[in-house]
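Please walk me through this structure in the viewer. Tell me what to select at each stop and what is there.

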Amino acid sequence: VGSEMCIRDSGSAGLTPFFLFSMPFCIKYTRKNSKSRRIDYCQFATDILEYKQGCAAAVAADGKAKQHKEETPMPMKMGWRWYGEGNDPITLNDIKQIPGVTSIVWALHNKMPGEIWEIDEIQKVADQIHAYGFDMDVVESVNVHDDIKIGLPTRDKYIENYKQCIRNLSKFGVKVICYNFMPIFDWTRTDLFHPVGDGSTALFYQKDMIQDDYKAMADYILGFTEKYHMTFPGWEPERMAKLDELFKAYAPVTKEKLWENLKYFLEALMPTCRECDIKMAIHMDDPPWDIFGLPRLLVDAESIDRFLSMVDDEYNCLTLCSGSLNANPNNNVAEIVRKHCDRIAFAHIRNIHHFPNGDFSEAAHRDCCGETGIIEILRAYHDGGYEGYIRPDHGRQLWEEGPGNCRPGYGKYDRALGIQYMLGVWDLLDRLDEEKKKG
Ligand code: CS2
Ligand code: MN
């Protein structure tokens, strides 16, 4: 850029967030206790906690109460993926303070694929989300049972359960269900906290480490989840404990067979989706190529065309994940948006930085931090009059965020920065359109 971005440094490097925040309290209490002039940091910490709890209670008392100007309503709705109370270090109160977020992207994370999500369980989360004035329109994910992907006779039972989930979710106004159809593994990475070079870390994929040893990769991810008492969706320890069995069960499932099984599943669901007005939005495969001999379907423009025409129904939609698709740098995500804007129910925005040897790292959302083309993608959605849901996908881990206090890819800061970047671009596109209309 021609101009340089500066930040005023008051010399508190290393201690920053807590001390900057506690400064006004320090001054106030130092004066009050001027006899001893002792700064009691424990007291300050307690005060801050109480003060923050007070703020949270005020917001929860009236989720709509805002002291700042009402935000301009946008047709596109900004979401934030939240792992639920007690399961996510980020609170709804934290999320409420990010300008522009209206939708909590949620799930019942304790559910195994194939189980029914019961009304009272959904109600509990709904009460929490609604107390803060958010909608709960998008679920990510209702995971699909392996028997459905493999095409076993037992699949019909699990499809019936899935339909019941759809019906139950519709009672709470849910509009979109994000899911994936990847055999065995969800997203796959070789390093969850890889140094980016500026002090932050990000998810990283080292190509030569994902060859034939699926156990080494699974051990790494599961070692992490065990150590830090965190389970990742799609990496349920119960399923992962039976990896060899799973690989055996998937052995006869060729790519064509997997397509057939996906079609069977969706055709069975479509009438219920229509009845309940809920869109099924498939997530792209991540990374978008076969791994460990397992077929992957949603990998490029051609396969997306095939998917949409295979079940040509307005309730059969996409979760278009820019980062998953662009792990293959030949995939032009903006072009796909332009072609299928009306069938994208949910947009994941993530930027990727590629290395010449095929490795890739996740990057900040700012366009020039990676090669995914974030501005072009946003422009494509804007031109298409996109009215669906959008969320920042993975962010980097910043500042004090690290293993143990942060879900990989789902920290607080970089996703909040990403949202402000995306909305900045979007607001400008709105403004340019308005000016064009005025002439
Ligand atoms: C997500 C996916 O964290 C991520 O990479 O985008 O795990 C996504 O939630 C699932 O594939 C959807 O089922
Ligand atoms: Mn995604």
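Is Ser 361 buried or exposed? Select Ser 361: at 7% relative accessibility, this residue counts as buried. Buried means under 20% relative accessible area, exposed over 50%, and partly exposed in between, with a 1.4 Å probe and protein chains only.

Before moving on, note that this is a predicted model, in which local features need pLDDT of at least 70, side-chain atom pairs count only at pLDDT 80 or more, and totals for chains, interfaces and linings use all residues. Residues are numbered from 1 along each chain as its sequence is written, chains are lettered from A and ligands numbered from 1 in the order in which they are written, and side-chain values use heavy atoms, leaving out hydrogens and water.

Stay with Ser 361. This residue sits in strand 11 (residues 360-363). Strands (E, at least two residues) and helices (H or I, at least four) are DSSP runs, numbered from the N terminus. Now show the contacts of Ser 361, leaving aside neighbours within four places in sequence: they are Ala 202, Leu 203, Phe 204, Asn 351, Ile 352, His 353 and Phe 355. Contact means heavy atoms within 4.5 Å.

**The metal**

Select ligand 2, the manganese ion. His 283 (NE2), Cys 321 (SG), His 348 (ND1) and Asp 393 (OD) coordinate this ion at 2.2 to 2.5 Å. Donors are N, O and S atoms within 2.8 Å of the metal (3.2 Å for Na, K and Ca); water is not among the atoms, so sites may look incomplete. Along the chain, the donors follow the spacing H-x37-C-x26-H-x44-D. One pair links distant parts of the chain: His 283 is in strand 7 (residues 279-283) and Cys 321 in strand 8 (residues 316-321), 38 residues apart. His 283 is buried, with a relative accessible area of 10%. Cys 321 is buried too, at 0%.

**Ligand 1**

Next, select ligand 1. A polar side-chain atom of Tyr 410 lies 2.6 Å from one of the ligand's oxygen atoms. For Asp 186, an N or O atom of the side chain is 3.0 Å from an oxygen atom of ligand 1.

**The core**

Finally, select Trp 106, Phe 185, Leu 262 and Phe 265. They have the most contacts inside the largest nonpolar core, which has 114 residues. Such a core is a set of buried Ala, Val, Leu, Ile, Met, Phe, Trp, Tyr and Cys residues joined through side-chain atoms within 4.5 Å. Helix 10 (residues 255-276) gives the most to this core, with 9 residues.

Note on methods
Polar contact = N/O pair within 3.5 Å; in protein donor to acceptor, adjacent residues only side chain to side chain.
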